[in-house]
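Dear colleague,

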Amino acid sequence: MKKEHYIEVKNLVKNYGTGSMRVSAVDHVSFYVDRGEFIGIMGASGSGKTTMLNILSTIDTMSDGQVSYEGTDISRLKEEELADFRQKNLGFVFQDYNLLDTLSIEENIMLPMTLCGQKKEEVDIRVKSISETLGICDILGKFPYEVSGGQKQRAACARALANDPKLILADEPTGALDSRSSTMLLDTLQVMNKELGATILMVTHDVFSACYCDRILFLSDGKIYCESERGNLNKREYLDRIFNIQSQMGGGELLC
């Protein structure tokens, strides 16, 4: 019997322009994500990784292909259905946090659940549970401008988890952080994945960030160049493998 994957991407295409001016930002890409995986997408600027993330997040539309979440083909959903699907099934962690400065950290985390009409008792329990796991209980009453960048990003992670989404999409989440805060955030993502069971897809150009992933898809010119699983490798060994693959991205023997 064929295994049903949590998320399936089949022959995904995104074209810009027409005729001789047409450019394929994503060129017949296929991959899957299983429940509880932590997947990384790496590639140079212009490789198609952000375009692909935008399609998976329903922010952008595909030119061809199929993206399915537990059998739901998002290409068949109307605009209102897409907005509802996005709100209930996807969590986002952005490079610039996207927290609302007029709301406290607690209110920011509550927001997705409040918008979905969840009861206050359920919201309070969920916020308390997530905040304890991510170690931000002591800043819930503060506003975003009163906390550090690392604390903002952990708050953004808590908000992303609020509705227990099918997939958390992280777009260069360490890009605006110093090395210490980056490590704290990556440790937080790992806790979300390993302890809270979150399925995560992270776009990154940073090798250190990528070594936290279970599996990495390497994109080049809109296509999957290769993919690599961490398996039993330790962090140092996995870093070396990623560096080796990157060194081959211009051609040569695949090391995936």
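I begin with a pairing between two strands (strands, E of at least two residues, and helices, H or I of at least four, are DSSP runs numbered from the N terminus). In β9, R215 is the bridge partner of I39. This is a predicted model, in which local features need pLDDT of at least 70 and side-chain atom pairs count only at pLDDT 80 or more, while totals for chains, interfaces and linings use all residues. Residues are numbered from 1 along each chain as its sequence is written, and side-chain values use heavy atoms, with hydrogens and water left out.

The pairing of β3 with strand β9 (residues 215-220) is parallel and runs over four bridges; two strands count as paired if DSSP finds at least two bridges between them. Strand β8 (residues 200-203) is also parallel to β3 and joined to it by four bridges, with L201 of β8 standing opposite I39.

Strand β3 (residues 38-42) is largely enclosed by the rest of the structure, because five of its five residues are buried (buried means under 20% relative accessible area, exposed over 50%, partly exposed in between, with a 1.4 Å probe and protein chains only). In a regular strand, side chains alternate between the two faces of the sheet. In β3, the buried residues F38, G40 and M42 lie on one side, and the buried I39 and I41 on the other.

Helix α8 (residues 235-248) deserves a separate paragraph. Its buried residues include Y238, L239, I242 and I245. These cover an arc of only 125° around the axis, which puts them on the same side of α8; the arc is that of the directions from the helix axis to the C-beta atoms. The exposed residues R236 and S247 are carried on the face turned away from that buried side. Among the elements that cover the buried residues of α8 are β3 and β9.

Finally, the largest nonpolar core has 46 residues, and I168 and I242 are among those with the most contacts inside it (such a core is a set of buried Ala, Val, Leu, Ile, Met, Phe, Trp, Tyr and Cys residues joined through side-chain atoms within 4.5 Å). Helix α5 (residues 149-161) supplies the largest share of this core, six residues. A second, separate core of 28 residues includes Y6, I41, L82 and L219. Leaving aside residues up to four places away in sequence, the contacts of I168 (heavy atoms within 4.5 Å) include V93, M192 and L201.

With kind regards

Conventions
Expected span 1.5 Å × (residues − 1).
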